[in-house]
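Dear colleague,

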Amino acid sequence: AVGSSHLVSSSGSSTVHRSHPPTSFPCEAMAPKRGTKRQAEAASPVAKKPKVDPAIAGVNEAIEQAADLPESCRKMLLASVTSALGAPSDERHELQVAVVAMIGQVVEAVQAKLQEALDAEGTNVGGVEARRTELQAALAALEEALTAAKDDFDTKKRTLAQAAEAALSAKGVLQEKQEAQRTGDAAMVQAKESKAALDKGIEVDLHAITEGTSESPMQNYEALLPLLKELALDQSLQSALPSVCAKKAADRGSFDSMVLEQLGQTLRDAAAAQTKVAEEALPASKDREAAVEAAQTDVDAGNAVQLAAAQALSAADEAKKAATAAAKVAKDALAAFEPEYVQATEVRDAQAKKLEDFKVKSVGNFEFLRDNAATATANTGGA
């Protein structure tokens, strides 16, 4: 018994399918023994072989392709194809039915082998395509040179020129952003510098004068003068400062202490004002800094693209050279990839065509002959 199942395709024809093709065939038990009369008759010369029906020929090809089929089975089945499948399905005797079933197992086994080979090639192509995707992400320009090794050299030259132009444009944008950052941050930078100078004046020079720890208080006063010029000091305060600062701490009166206190408060207020200016300018400064960083990233990306384009141009130039130069380029992993991809897909496609041809020529003809009934033929003829 056959025990095989059949799937119907979109065209209406059925396809033999079996998860586990048979590894042995019952025809081995049915094969004639050596020295029998049937073998002797089969060995007798035939005057002329009749022309084989194309449908029968398709089935014969399937039997010939069955590598696992014992030779005795193959010969027996080839000798029995015409008598078994040539008889209408509803008129076959028991032996013919058994032979048809065995032929079905053979066809199924060959189809399974072809499908297995196609699946293996498909897996191989999948691995090649995965590597191809990885290379595309980092070396797009060089991969283009690989996939289009025979493309015109001028195409790669234009690609490099475009990349150089884009990189130059990105550098121009970066310079604009850097200039905007410099001018935009000027006020904040100035405020920070002023704040630092004021802090130093308060903590060093004013502190030395106020506490009387300076041996040369007038030098500390003179160090404060650049800061005082920027402040709107009261005229009386400005007039009193030189004499107050020159006095020792023990010689100062309440007026002197008030003058120094007012000076310190004025300096502290000025420092606080500069801090406010710097803090208010900080958000815009950060935006300008981010813009510069983004522009720098674009420049780096543009440089990378330009480098890749130069490599692609070099590869295209090498492809036009002699066969020895082309072989050297092929040693590089990227240059060798595209031929590997093309070869893998061609092998897979060839295997797919082989399987499809087998389905049409061998499976289709077998199923037609297997299911062809005398009643159906009679009805068709009378229609």
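A crossing of two helices is called left-handed if the near helix is turned anticlockwise from the far one by less than a right angle, and right-handed if clockwise. Helices here are DSSP runs (H or I) of at least four residues, and strands are DSSP runs (E) of at least two, numbered from the N terminus.

The model is predicted: local features need pLDDT of at least 70, side-chain atom pairs count only at pLDDT 80 or more, and totals for chains, interfaces and linings use all residues. Residues are numbered from 1 along each chain as its sequence is written, and side-chain values use heavy atoms, with hydrogens and water left out.

The protein chain holds 14 helices and two strands. Of its 383 residues, 32% are buried (under 20% relative accessible area, with a 1.4 Å probe and protein chains only).

Helix H8 (residues 186-211) crosses helix H9 (residues 217-229) at roughly 155 degrees, and their axes come within 9 Å. Axes are lines fitted to C-alpha atoms over the stretch in contact, and angles run from 0 to 180 degrees between N-to-C directions. H8 and H9 are therefore roughly antiparallel (an angle over 145 degrees). Their crossing is left-handed. Residues in contact (heavy atoms within 4.5 Å) include Leu198 and Leu206 of H8 and Tyr221 and Leu224 of H9.

Helix H3 (residues 54-65) and helix H4 (residues 71-85) pack at about 160 degrees, their axes 10 Å apart. H3 is thus roughly antiparallel to H4, but this crossing is right-handed. Among the residues that meet are Ile56 and Val59 in H3 and Leu77 and Val81 in H4.

Yours sincerely

Definitions and conventions: Buried < 20%, exposed > 50% of the residue type's maximum accessible area, 1.4 Å probe, protein only. Parallel < 35°, antiparallel > 145°, perpendicular 65-115°, else oblique.
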